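User: I am new to this structure and would like a guided look at it. Could we go through it piece by piece?

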Amino acid sequence: MHTLQSIYKNKLVAVIRGATEEEIIPIAKALHEGGVNILEITAETPSVLSLLKRVSYEFGNEVTVGAGSVLDSETARNVIMAGAKFIFAPTVNVETIQMAKRYGVVSIPGAMTPTEILTAYEYGADIIKIFPAGVLGPKYVKDLHGPLPHIPLMPTGGVDLDNIREYFQNGAVAAGVGGSLVDAKKTIDKTALRELTKKAIQFREKIS
């Protein structure tokens, strides 16, 4: 399945920040068992290139893996070469968008204002990440769709079990979920992995 179609279908992107090489496959398996199959590994994570390669190799087409917090085109190219199928960025960087498009991967830059959102979309972004979404909340997505109904929006930052359904009710096409789903600061043991699968299922139920 094409990456963009997969994001639209699955609707949920798990943001994994700070996982180690020993933790990444167990975390990915726990999320996969809970029905979350789109995984973002943030670019500042140590050994991010190795993590991307390992997840891509382990899961093949069962899981779509991409890179997040990508700040520049050089980093974008490196993570793409390591297997990233999509590029998330916290800001609108034209060169990063262009690099993603050059290699045929999905570009999802972060923006907040209508001007930033429209600019990113006009430069070729596939979806615009509203970031940090928690600052203005679900209603902001609805307000943006008034003047910009044709631009697909994806809230990230502050999305949790209490508000995710409202984001979709207000027009979000997908949502990025970080610490409220995956907390890599916790000890990743069997208990934590079971809890992660359970929480993934809860998120899936909220948007089904």
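User: Which residues of helix H7 are buried?
Analyst: In helix H7, which runs over residues 138–145, the buried residues are Pro138, Tyr140, Val141, Leu144 and His145. Buried means under 20% relative accessible area, exposed means over 50%, and partly exposed lies in between, with a 1.4 Å probe and protein chains only. Helices (H or I, at least four residues) and strands (E, at least two) are DSSP runs, numbered from the N terminus. This is a predicted model, in which local features need pLDDT of at least 70 and side-chain atom pairs count only at pLDDT 80 or more, while totals for chains, interfaces and linings use all residues. Residues are numbered from 1 along each chain as its sequence is written, and side-chain values use heavy atoms, with hydrogens and water left out.

User: What do the buried residues of H7 pack against?
Analyst: Their partners are helix H6 (114–122), strand S7 (128–130), strand S8 (153–155) and helix H8 (164–169). Contact here means heavy atoms within 4.5 Å.

User: What is the peptide bond from Phe131 to Pro132 like, cis or trans?
Analyst: That bond is cis, with omega near -5°. Pro132 belongs to the loop between S7 and H7.

User: Let us step back. How many helices and strands does the protein have?
Analyst: There are nine helices and nine strands in the protein. Its C-alpha trace spans about 45 × 35 × 30 Å along the principal axes.

User: How much of the protein is buried?
Analyst: Buried residues make up 51% of the 208 residues. Among contacts between residues at least 6 apart in sequence, 59% join residues at least 24 apart.

User: Now the other helix, H1. Which of its residues are buried?
Analyst: In H1, covering residues 3–10, Thr3, Leu4, Ser6, Ile7 and Asn10 are buried. Seen down the axis of H1, these buried residues fall within an arc of 160°, so they line one face of the helix.

User: What does that face pack against?
Analyst: The buried residues of H1 pack against strands S1 (12–16), S2 (38–42), S3 (64–68), S4 (86–88) and S5 (106–108), and also against helix H9 (190–207).

User: Which contacts does Thr3 make?
Analyst: Thr3 is in contact with Thr64, Lys85, Phe86 and Val106, leaving aside neighbours within four places in sequence. Thr3 counts as buried because its relative accessibility is 13%.

User: What happens just after H1?
Analyst: Lys11 takes a positive phi of about 70° there, although Lys11 is not a glycine. Lys11 is found in the loop between H1 and S1 and counts as partly exposed, at 29% relative accessibility. Ser69 also has a positive phi, near 55°, and its place is in the loop between S3 and helix H4 (73–81).

User: Where is Val177, and what does it touch?
Analyst: Val177 is in strand S9 (residues 175–177), and at 0% relative accessibility Val177 counts as buried. Beyond neighbours within four places in sequence, Val177 is in contact with Leu12, Val13, Ala14, Val15, Val159, Ile164 and Phe203. Val177 and Phe203 are 26 residues apart in sequence and 9.3 Å apart in space, C-alpha to C-alpha.

User: Last one: is Val182 buried or exposed?
Analyst: Val182 is buried, with a relative accessible area of 7%, and lies in the loop between S9 and H9. Not counting residues up to four places away in sequence, Val182 touches Ala14, Val15, Ile16, Ile27, Leu31 and Leu196. Val182 and Leu31 are 151 residues apart along the chain, and their C-alpha atoms are separated by 8.9 Å.

Key: Arc of directions from axis to C-beta.
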